Amino acid sequence: MKAKKEVGNRELIEALNQIEKEKNISKEILLEAMENSLLAACRNQFGKADNIVVNINRENGAVSVFAEKEVVEEVEDPVVQMSLAEAEIKYPTSSLGDIVRVEVTPENFGRIAAQKAKQVVVQKIREEERKVLYDQYFEKEKDIVTGIVQRYVGNNVSINLGKVDAVLTENEQVKGERFRPTERIKLYIVEVKDTTKGPRITVSRTHPELVKRLFEAEVAEVKDGTVEIKSIAREAGSRTKMAVYSENPDVDPVGACVGLNGVRVNAIVNELRGEKIDIINWSDDPEVLIENALSPAKVVSVSANPEEKTAQVIVPDYQLSLAIGKEGQNARLAARLTGYKIDIKSESQANGTASDEMEYAEEE
């Protein structure tokens, strides 16, 4: 009977060695968790038993339960004390004040240990695998990933990211975009949260940083820092404005992002399903920056107030509609890009000769 028990315990150690190798989960962590679990089981049998210790032999897996007792002259509490006279017989090297370990392993403890071991191993494997997944995707937070569309769940889209699934919520979808099952799409990971069911990953197709990361992936000069994306303003699915800059005078930051015959920017436009992308030169001079931001419209003059973050812009009469854009989009994106409240007037309006004077100001 004893030999059979030892074989089973050796099998446990061999199984833990295998788990450590395959799952990269420490055998010691598993054994300590088992001992803690068995200790809880002992408390049901021994009462409070603060002096109970459970030990699993690291070589053969044998499970033992001990009661720690203090050696005293006169025993007042036999649960936690042993007389010196008894200790001298059972533990000849002990003396007053020593703590001795008395084995109190219950007869049925082998079966209990086997059940607890299985429970602990399964639970720990799940916990460690969840932790590994969380760490893996937490490293990708604020970055882009490629996901495979699985199915629509109401207005949300279930996306497979490899080892975990994410949900592209309606709020993070570009209006008008529809996906087919098995289609591969780029997504921006907004947030990764650890939960008892594994990492919960929030992904987006509307986030301005998605555009930035796409340029980092497509344009080597952006990836290595030669070209810096200073600001992005986006109305997802419609239009993005992006201001770029390079300290290297030999590098054209706009040209680098556009690419030969537009090949680089077109690749990103295709990924964004036709969203228009305006790329402009960044300037520390707010008046120059605002003029660039209102591209493709031509500007006569810009008067900026850096303290109030406001700007007065004059454009030729025939450029007013272009400067404002459809439903005010061009002016609105320029305001977000620069951080300025922009008041756009035509030359006629500025001179007071227009029949109807109108102001256009777009705030972020």
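Colleague: Why is K345 called buried?

Modeller: In this predicted model, K345 has a relative accessible area of 10%. The term buried applies under 20%. The value of 10% lies below that cut-off, so K345 is classed as buried. The residue belongs to strand β15, which spans residues 341–346.

Colleague: What makes the pairing of K345 with D343 a polar contact?

Modeller: The side chains of K345 and D343 approach to 2.8 Å. A polar contact requires N or O atoms within 3.5 Å, one able to donate a hydrogen and the other to accept it. The distance of 2.8 Å falls inside that limit, and the pair therefore counts.

Colleague: How do you know whether T310 is buried, exposed or partly exposed?

Modeller: The relative accessibility of T310 is 25%. Buried ends at 20% and exposed begins over 50%, with partly exposed in between; T310 is therefore partly exposed. T310 lies in strand β14, residues 310–315. Beyond four places in sequence, T310 touches S303, A304, N305, Y340 and K341.

Colleague: Why is T338 called buried?

Modeller: T338 has a relative accessible area of 10%. This is under the 20% cut-off, so the label applies to T338. T338 is part of helix α11, residues 329–338.

Colleague: Which backbone atoms does the side chain of T338 approach?

Modeller: A polar atom of the T338 side chain lies 2.9 Å from the backbone oxygen of A334. The side chain also reaches the backbone nitrogen of Y340, at 3.3 Å. Leaving out residues up to four places away in sequence, T338 touches L289, I290 and A293.

Colleague: How do you know on which side of α8 the buried residues lie?

Modeller: In α8, residues 263–271, the buried residues are V265, I268 and V269. Viewed down the helix axis, they fall within an arc of 105°, so they line one face of α8. The face turned away from this buried side carries the exposed residues V263 and N270. The elements covering the buried residues include α5 (208–218), α7 (253–258) and β12 (276–281). Just after α8, R273 adopts a positive phi of about 60°.

Colleague: Why is E235 called buried?

Modeller: The relative accessible area of E235 is 16%. As 16% is under 20%, E235 is classed as buried. E235 lies in strand β10, residues 228–235. Its contacts, apart from neighbours within four places in sequence, are E275, Q329, R332, L333 and R336. With Q329 there is a polar contact between side chains, at 3.0 Å. The C-alpha atoms of E235 and P208, 27 residues apart along the chain, are separated by 8.4 Å.

Colleague: Which residues line the second largest pocket, and how do they divide by type?

Modeller: The lining consists of E235, G237, S238, R239, G274, K276, K326, E327, Q329 and R332. These divide into 6 charged, 4 polar and no nonpolar residues. The pocket holds about 240 Å³ of space.

Colleague: How many cavities of 30 Å³ or more does the whole structure contain?

Modeller: The search finds 1. The largest cavity is lined by L12, M34, L38, I56, V63, A113, K116 and A117. Elements giving two or more residues to this lining are α2 (27–46) and α4 (109–138), and the largest share, 3 residues, comes from α4. About 30 Å³ of space lies in the largest cavity.

Colleague: What types of residue make up the lining of the largest cavity?

Modeller: The lining has 7 nonpolar residues, 1 charged residue and no polar residue. Lysine counts as charged, and K116 is one of the lining residues.

Conventions. Residues are numbered from 1 along each chain as its sequence is written. This is a predicted model: local features need pLDDT of at least 70, side-chain atom pairs count only at pLDDT 80 or more; totals for chains, interfaces and linings use all residues. Side-chain values use heavy atoms; hydrogens and water are left out. On a 1 Å grid over the protein atoms alone, a cavity is a set of points where a 1.4 Å probe fits but cannot get out, and a pocket is an open set with protein on both sides within 12 Å along at least five of seven lines; lining residues have an atom within 4 Å of a point. Grid points are joined across faces, edges and corners, and a volume is the space filled by probe spheres set on the points. Helices (H or I, at least four residues) and strands (E, at least two) are DSSP runs, numbered from the N terminus. Buried means under 20% relative accessible area, exposed over 50%, partly exposed in between (1.4 Å probe, protein chains only). Contact means heavy atoms within 4.5 Å. The arc is that of the directions from the helix axis to the C-beta atoms.
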